[in-house]
Structure formats: C-alpha cells, structure tokens
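This briefing is for a reader meeting the structure for the first time. Please look over the sequence and the model before reading the points below.

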Amino acid sequence: MDPKNVDWCEERNKSLRARYIYAIIFFIINLTAWFIRDYGHSVFPPPYYKEACGTAGHDCFHTLGVLRVSLGCFIFFFLMFLTTFIARKLYEACSKWHSGWWKLKFFLLLASMVVPFFIPPGFIHIYGEVARVGAGIFLLLQLISVIEFIRWWNKYWSPDEQNNQRSCSIALFTSTVFYGVSICGIVSMYYFYAPRPACSLNIFFITWTALLLIVMMVISLHSKVNRGLLSSGIMASYVVFLCWSAIRSEPVDEKCNVQKPDNGKFDWTTILGFLIAIGAIVMATFSTGIDSKSFQFNKNNVKLEDDISYNYGFFHMIFSLGAMYFAMLFISWNLKDSATEWSIDVGWASAGVKIINEWVAATIYTWKLVSPVVKQYRVVNNEQTMQP
C-alpha cells in the first residue's frame with residue numbers, strides 16, 4: 001500500500017475503535033469464565049471427552065473451567081501480540097490486522113476458547129501455576145502505570161509562572177481531599193475490621209498502612225525531594241484502598257469482620273459488587289494496555305502523522321497477562337478449592353497478594369521520589385573524584 005494514499009485520520013480512528021472492541025471481548029470472556037465456574041455444571045451436559053473433562057465433566061467446570069477459559073483468552077491475545085508487536089506505522093499490514101479482519105479474528109477467538117477444553121487436567125494445572133506468575137507481573141505493570149499517572153497528575157497541577165495562585169489552590173485543595181479520605185479510611189478500618197485487640201492481624205495491616213502514609217508524606221516534603229503533598233496524597237488514598245481491599249478479601253469472621261456471613265443467599269448488592277469488580281478488572285487491563293509510554297526509556301519521541309497511536313504489541317501483551325490475572329481473581333489464587341458462587345478474589349491467599357501489592361506500590365513510589373536525589377548525589381561524587 002502506498003503511504004501517500006492513506007487517510008491517516010481514518011486509519012487512526014480505526015485503531016482507536018479497535019481497542020474498545022478488544023476490551024468488550026475481554027469483558028465477555030470474563031463473564032464466560034464466571035458462568036462456567038458457577039453454573040456450567042448445571043447448565044451444560046457432561047462433556048463426552050473424558051480424558052480432558054473427567055467423569056461428569058468436573059474438570060471442565062469450577063476452578064479448572066476458569067483456567068481453561070483463561071488459557072483460551074491468553075492464547076488469543078498472545079497470538080495477537082506475536083502478529084502486531086512489530087507494528088510502527090498505520091499503513092503496515094500488522095496495523096491493518098490489529099484494526100480489522102474481525103470475521104477472521106472471531107474464528108481465531110472461537111478456536112482459542114475451544115481448544116483448552118480438550119487439554120488434559122494436568123497441563124491445565126501447570127498453566128494455573130504459570131498464571132500465578134503472569135498475574136503477578138500484571139500487578140507490577142499496573143502499579144507502575146498507576147504511579148506514573150500520579151506523577152503526571154502532580155506535574156500537571158504543580159504551580160507554574162502563569163497560573164501560580166490558581167495551581168497552588170487546586171493542588172492544595174486536591175491534596176487535602178485525598179489526605180482527608182485516607183485518614184477517614186484508616187479510622188473506618190480500625191472501627192469496622194479491628195474492633196478488639198484480638199484482631200491483631202488487621203491491626204498490624206492498618207497500622208503499617210498508616211506508617212507508610214506518614215513515611216511517603218515526610219519524604220515527599222523533604223527539602224531535597226520537594227514533591228509537595230499532591231502526589232503523596234493521591235498515593236496515600238491508593239495505598240489505603242489496597243489495604244481495605246485486602247482486609248475485605250479475608251474470609252468472613254464474626255470477631256474481626258462486620259460483613260454478613262455467607263449463607264448461600266445473594267442479594268442485589270452482592271451481584272452489583274461482583275459486576276463492578278469485573279468492570280474494574282477490564283478497566284485496569286485496558287488502562288494499563290494503552291499506557292505503553294510509562295514503560296518507555298525515551299518518552300520524548302516525536303510522533304509522526306503515520307505513526308500508530310499506541311503500541312499494539314504491548315496492548316495485547318497486557319491483555320494476555322490480564323487473562324491470567326482474572327483467572328486468579330475468580331479462583332482466589334487457589335488451584336485446589338473452588339470459589340463460592342458470586343464471589344471474586346476472596347480468601348487468605350487473595351488478602352496476602354493484595355497486602356504485598358500495597359507494600360510493593362509504596363516501595364516503588366518511594367523509590368521514584370528518592371531516585372533523582374540518589375542519582376544527583378552519585379554525579380556530584382563522581383565529579384569530585386575526577387577533579388585533580
């Protein structure tokens with residue numbers, strides 16, 4: 001195709017629309033995994049292929065059913081990654097494949113989803129172990145993306161020469177709101193999830209989170225760092241949210257958890273919370289997938305008219321890792337026991353993963369704050385040693 005005859009605006013719009021189509025496909029696959037887990041054994045007849053699904057098809061539903069759907073989703077998006085990671089220009093064949101050929105990709109998706117249901121359970125268990133690692137990588141990339149967004153937000157609202165007073169007022173108000181929300185979150189968690197000294201584990205989690213907030217604020221306000229309160233306030237709210245989410249993932253305990261015990265009945269709040277959780281999975285995958293710039297070493301590259309709007313290969317790689325991530329959430333990071341109906345990311349394993357995620361997030365953010373100072377200190381030392 002002659003690049004001179006290409007309508008760049010139309011091609012760019014196609015690529016932008018394509019990413020929303022992929023997100024919808026990912027959302028539908030998430031719903032499919034939930035349906036296979038909770039209702040597949042009662043709706044579908046027992047599969048005849050007993051080598052893969054076992055007696056009565058048990059190995060194709062519940063936990064293994066989720067892993068099979070996840071594997072199919074991973075296969076599809078990994079194939080898309082392999083066929084698009086070299087795309088750089090809108091007129092290239094890889095770009096056309098990413099933004100079009102939907103009928104062919106529908107059959108590719110269908111084949112990818114069907115094949116895992118003919119794989120023996122032993123290989124599915126191996127994939128489950130690999131999916132744990134892939135989900136961890138996904139969480140790490142998501143953290144970096146969130147922290148880069150916080151840094152961009154802080155830079156956007158930081159005072160400048162033209163709008164110094166307005167920027168200061170907005171930054172001060174926003175940081176006050178985020179810190180207020182963080183403090184209210186800490187107090188609420190103490191009240192609801194640590195009502196008595198016997199709840200020592202929750203008290204430790206909440207207290208450690210409060211200490212992380214103080215450390216991040218002090219470092220951010222240090223004269224050598226001088227990043228202000230806005231970025232640390234946003235990060236404080238995010239860390240508090242991760243702590244709250246981890247405690248909410250703990251099994252229901254009357255002593256340390258005010259949640260209603262699971263009695264097998266599901267009201268509209270349970271269903272709504274479940275759907276919101278699935279939406280959050282899709283949004284986290286989508287937002288990280290289009291944020292390839294946060295992972296580039298040179299972020300000042302000038303984009304030309306015929307350059308792709310976002311990195312297609314990175315986008316599909318994140319979605320393939322997201323397939324592993326949603327599998328771990330649906331089975332609560334446990335490859336042995338099946339999760340209860342309408343539940344997602346509940347159990348001690350899930351709580352532990354979220355707490356580690358919180359601590360890693362605080363560590364990465366703190367390093368982002370002090371790394372420029374450390375680099376500057378090394379440069380000064382090198383210059384002094386080089387002087388005669």
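A salt bridge joins Asp345 and Lys354, with 3.0 Å between the closest N and O atoms. The model is a predicted one. Its protein chain holds 13 helices and zero strands. The points below begin with the charged pairs and then turn to the chain as a whole, its cores and its helix packing.

**Salt bridges**

- Asp345 is buried, at a relative accessible area of 9%.
- Side chains of opposite charge can pair when their charged atoms come close.
- The count of salt bridges comes to five.
- Another of these pairs is Glu148 with Arg151, where the closest N and O atoms are 3.5 Å apart.
- Glu148 and Arg151 both belong to helix 7 and are three residues apart, so about one helical turn separates them.
- Glu148 is buried, with a relative accessible area of 11%, whereas Arg151 is partly exposed at 32% relative accessibility.
- Glu148 also forms a salt bridge with Lys368, at 2.9 Å from N to O.
- Because Glu148 is in helix 7 and Lys368 is in helix 13 (residues 348–386), this pair ties together parts that lie 220 residues apart in sequence.
- Lys368 is partly exposed, with a relative accessibility of 23%.
- Through shared partners, the salt bridges join Glu148, Arg151 and Lys368 into one network.

**The chain as a whole**

- Read along the sequence, the pattern of the protein chain is α-α-α-α-α-α-α-α-α-α-α-α-α.
- The protein chain has 388 residues, and buried residues make up 44% of them.
- Among contacts in the protein chain with a separation of 6 or more, 79% are between residues 24 or more positions apart.

**Nonpolar cores**

- The largest nonpolar core has 60 residues, and the members that touch the most others are Phe26, Ile29, Leu67, Phe326, Met328 and Phe330.
- At least two residues of this core come from each of helix 1 (8–38), helix 4 (62–84), helix 5 (93–99), helix 6 (102–114), helix 7 (121–157), helix 11 (268–289) and helix 12 (312–330).
- Helix 12 gives the most to this core, supplying 14 residues.
- Which residues does Leu67 touch, not counting residues up to four places away in sequence? They are Ile124, Tyr127, Gly128, Ala327, Met328, Ile331 and Leu335.
- There is also a second, separate core of 32 residues, with Tyr179, Ile206, Val225 and Ala362 among its members.

**Helix 4 against helix 12**

- Two packed helices are described by the angle between their axes and the distance between the axes.
- For helix 4 and helix 12, the angle is about 170° and the axes are 7 Å apart.
- Helix 4 and helix 12 are therefore roughly antiparallel to each other.
- On the helix 4 side, the residues making the contact include Val66, Leu67, Ser70, Phe74 and Phe81.
- On the helix 12 side, they include Tyr312, His316, Ala323, Phe326, Met328 and Phe330.
- By class, this contact of helix 4 with helix 12 has 17 nonpolar, five polar and no charged residues.

**Helix 9 against helix 10**

- At what angle do the axes of helix 9 (residues 200–221) and helix 10 (residues 230–248) cross? They cross at roughly 170° and come within 10 Å.
- That angle makes helix 9 roughly antiparallel to helix 10.
- Helix 9 contributes residues such as Asn202, Phe205, Ile206, Leu212 and Met216 to the contact.
- From helix 10, the contributing residues include Ser231, Met235, Val239, Cys243 and Ile247.
- The contact of helix 9 with helix 10 has 12 nonpolar, five polar and no charged residues.

**A serine in helix 8**

- Ser175 is located in helix 8 (residues 164–193).
- Is Ser175 buried or exposed? Ser175 is buried, with a relative accessible area of 2%.
- Leaving aside neighbours within four places in sequence, Ser175 is in contact with Leu229 and Leu230.

Key. Residues are numbered from 1 along each chain as its sequence is written. This is a predicted model: local features need pLDDT of at least 70, side-chain atom pairs count only at pLDDT 80 or more; totals for chains, interfaces and linings use all residues. Side-chain values use heavy atoms; hydrogens and water are left out. A nonpolar core is a set of buried Ala, Val, Leu, Ile, Met, Phe, Trp, Tyr and Cys residues joined through side-chain atoms within 4.5 Å. Buried means under 20% relative accessible area, exposed over 50%, partly exposed in between (1.4 Å probe, protein chains only). Helices (H or I, at least four residues) and strands (E, at least two) are DSSP runs, numbered from the N terminus. Contact means heavy atoms within 4.5 Å. Axes are lines fitted to C-alpha atoms, for helices over the stretch in contact, and angles run from 0 to 180 degrees between N-to-C directions. Angles under 35 degrees count as roughly parallel, over 145 as roughly antiparallel, 65 to 115 as roughly perpendicular and the rest as oblique. Ala, Val, Leu, Ile, Met, Phe, Trp, Tyr, Cys and Pro count as nonpolar, Asp, Glu, Lys and Arg as charged, and the others, Gly among them, as polar. A salt bridge is a side-chain nitrogen of Lys or Arg within 4 Å of a carboxyl oxygen of Asp or Glu.
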